[in-house]
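Dear colleague,

I am passing on the structure that we talked about, and my notes follow it below. Please read them with the model open beside you.

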Amino acid sequence: MTLNRVVSTDGIPESVWRQSTVTVKFRSGGEKIALPGRRGHHLLKNLYQEIGMPPWERAALPLLYLDGQLAAVADLWIGADYYREGLYPCFRLALARH
């Protein structure tokens, strides 16, 4: 798998990205993320179950952290605290599954 950052009109604003310490990690269990348009924080495990992702594929998905906070899960979700629409430039993640 290859994780790429792509320019978009929605996603994580470039200014936020550039002012943050960016870290990529993998799942250790118990991670939660708040999603745009949904209330509360959601366990990644439950989100993966909602989309029908098999357990053995979940550990391989990269998690993007900005300043130590979970900001995005591969190319699946961007956290509500970081997601913006209609701004340019923004960044999204694109995961090339080989």
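Predicted model: local features only at pLDDT ≥ 70, side-chain atom pairs only at ≥ 80, totals over all residues.

Tyr48 counts as buried because its relative accessibility is 0%, where buried stands for under 20% relative accessible area, exposed for over 50% and partly exposed for what lies in between, with a 1.4 Å probe and protein chains only. Tyr48 has its place in helix α2; helices (H or I, at least four residues) and strands (E, at least two) are DSSP runs, numbered from the N terminus. Leaving aside neighbours within four places in sequence, Tyr48 is in contact with Arg27, Met53, Arg58, Leu61, Leu63, Val73, Leu76 and Trp77, contact being heavy atoms within 4.5 Å.

Residues are numbered from 1 along each chain as its sequence is written, and side-chain values use heavy atoms, with hydrogens and water left out.

Tyr48 also belongs to the largest nonpolar core, which has 14 residues, and those that touch the most other members are Ile33, Leu44, Tyr48, Leu63, Leu70 and Val73. A nonpolar core is here a set of buried Ala, Val, Leu, Ile, Met, Phe, Trp, Tyr and Cys residues joined through side-chain atoms within 4.5 Å. At least two residues of this core come from each of α2 (44-50), β5 (62-66) and β6 (69-73), and α2 provides the largest share, three residues. Not counting residues up to four places away in sequence, Val73 touches Ile33, Leu44, Tyr48, Pro62 and Leu63. There is also a second, separate core of eleven residues, among them Leu64, Ala72, Tyr82 and Leu93.

As for the chain as a whole, it holds three helices and eight strands, and from the N terminus on its elements run β-α-β-β-β-α-α-β-β-β-β. A compact globule of 98 residues would have a radius of gyration near 13 Å, and the chain, with 13 Å, agrees with that; the radius is taken over C-alpha atoms, and the globule rule is 2.2 Å times the number of residues to the power 0.38. The C-alpha trace spans about 35 × 35 × 20 Å along its principal axes. Buried residues make up 38% of the 98 residues, and of the contacts with a separation of 6 or more, 68% are between residues 24 or more positions apart.

With neighbours within four places in sequence left aside, Pro13 is in contact with Tyr82, Arg84, Leu87, Pro89 and Cys90, and Glu85 with Thr9 and Asp10. Glu85 and Gly68, by contrast, are 17 residues apart in sequence and 23 Å apart in space, C-alpha to C-alpha.

Ala34 is found in strand β3 (residues 32-34) and is buried, with a relative accessible area of 15%. Apart from neighbours within four places in sequence, Ala34 is in contact with Gly40, His41, Ile78, Gly79 and Ala80. Ala34 and Ala71 are 37 residues apart in sequence and 9.2 Å apart in space, C-alpha to C-alpha.

Most residues other than glycine have a negative phi. Asp67, in the loop between β5 and β6, has a positive phi near 50° and is partly exposed, with a relative accessible area of 48%. Ala74, in the loop between β6 and β7 (77-78), has a positive phi of about 45° although it is not a glycine, and at 3% relative accessibility Ala74 counts as buried.

With best regards
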